[in-house]
Amino acid sequence: MITIANGTVLYGNDLVAKNTNILIDKGKIIEISPNVSEGEILDATDCIVCPSFLNAHTHIGDSIVKDIGDGKSIEEIVKPPNGLKHLALQEASNEEIMDSMEESMWDMLETGTTHFIDYREGGLGGVKLLRKASKNVPLNPIILGRDDSFYGENPDLAKVKIAIRKLLKVSDGIAPSGFGEITIEVANLIVEKCQKADKISSIHAGEYENLQLDSLSKTGKTEINKAVDSGFDQLIHIVSPMENDLELIKKYNKNIVLCPGSNGLFSLGVPPLFKMLEKGIRPLIGTDNIMINSSNMFRELEYTLKVMRAISKKYISPKEILKMGTTNINTDYNQNNCSKLINKSIIEENSYAELFVSRKISKNPYLSLINRSEKKDMMCLINKDKLIYYD
Ligand SMILES: [Zn+2]
């Protein structure tokens with residue numbers, strides 16, 4: 001048993017700041033009360049106790065080629081199958097890829113992340129490699145796989161079916177890159193098989209305006225519209241929604257993930273967060289390719305808060321931004337397949353202890369975390385029954 005004592009606790013889905021104690025036993029929060037004090041006492045005076053982060057979109061495999069290709073176009077850097085990233089991955093050995101993935105997972109853990117959703121390249125082998133690399137790291141990878149048979153204008157659907165079946169045995173779902181690389185038939189197959197297996201289907205959509213315009217001129221529908229029509233659980237990016245894309249996302253409660261840092265580095269723009277929040281859409285946040293952007297969620301949240309205020313010229317609350325990295329997955333808006341499968345706890349009684357304790361630098365706990373926290377301010381992290389102290 002362990003009591004986290006005297007901290008400023010960000011409680012429940014709404015991250016309400018309360019000065020209280022938390023009693024944890026066997027990885028579960030048993031009691032939250034200023035009076036509880038049992039077992040080992042972890043003094044959190046002048047600290048914030050925050051739900052650990054869900055980094056909702058990463059490509060951890062490209063950790064091995066950090067910061068290459070800067071200044072080249074997004075297609076030249078990451079478009080499968082011939083982008084710089086894919087060529088570098090082909091040349092690297094499995095051991096090299098595994099070592100760099102493991103290092104990135106420790107980086108994430110050191111900056112408060114316990115859960116991440118990864119778009120894993122390299123087919124079945126790629127998924128297995130990440131599973132193996134994550135064995136020694138006490139965090140929770142949610143791995144979405146893909147296969148080379150998905151690509152092209154005339155894919156062999158029999159082969160696609162076999163690949164999906166094999167992938168779903170070892171992955172948490174399937175994530176093709178985008179509608180620029182796959183046909184509607186392949187997209188529909190992926191969604192159908194994921195639904196049957198109770199797993200996540202996810203896709204990049206509307207990452208930049210030209211993709212949306214291209215899709216519209218070729219098929220009469222935007223990428224986002226196609227992703228919603230095909231029934232994907234989760235859509236990544238949504239930088240350039242057009243027509244009634246946001247209405248569709250809201251109507252079908254689509255789980256969406258924004259990656260503002262990555263969009264910024266690729267010179268693609270800024271997702272319209274203010275409009276999304278106004279419509280009642282509750283996005284998650286992800287750091288995307290580790291090759292171009294750090295997986296440190298504090299950095300991502302800071303960039304997001306500032307760029308969104310700058311672009312919208314309106315007030316966006318830091319609490320709303322912090323929820324995107326912590327509790328939004330559990331809000332009513334996100335009650336779909338994703339939330340069930342991602343299974344990330346908030347701080348309340350009877351839920352799993354998935355939280356970190358960090359030094360409180362200012363009186364506003366939300367801004368203290370987003371605006372000021374660094375690795376050196378982290379005290380410890382609890383991921384269920386694992387307690388990790390930072391040096
Ligand atoms: Zn991505």
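How far apart do the end C-alpha atoms of residues 48-328 lie, and what share of the span is helix and what share strand? The end atoms lie 19 Å apart, and the span is 47% helix and 16% strand; helices (H or I, at least four residues) and strands (E, at least two) are DSSP runs, numbered from the N terminus. This is a predicted model, in which local features need pLDDT of at least 70 and side-chain atom pairs count only at pLDDT 80 or more, while totals for chains, interfaces and linings use all residues. Residues are numbered from 1 along each chain as its sequence is written, and side-chain values use heavy atoms, without hydrogens and water.

Side chains of opposite charge can pair when their charged atoms come close. A salt bridge is defined as a side-chain nitrogen of Lys or Arg within 4 Å of a carboxyl oxygen of Asp or Glu. By this rule the count is 21 salt bridges.

One of them joins K85 to D62, with the closest N and O atoms 2.7 Å apart. This pair links distant parts of the chain, 23 residues apart: K85 belongs to helix α2 (residues 84-91), whereas D62 lies in the loop between β6 (53-59) and α1 (74-78). K85 counts as buried because its relative accessibility is 1%, and D62 is buried at 0%; buried means under 20% relative accessible area, exposed over 50%, and partly exposed in between (1.4 Å probe, protein chains only).

A second salt bridge connects K196 and E192 at 3.6 Å, N to O. Both residues lie in helix α6 (residues 184-197), four residues apart, about one turn of the helix. Here K196 is exposed, at 65%, and E192 is partly exposed, at 36%.
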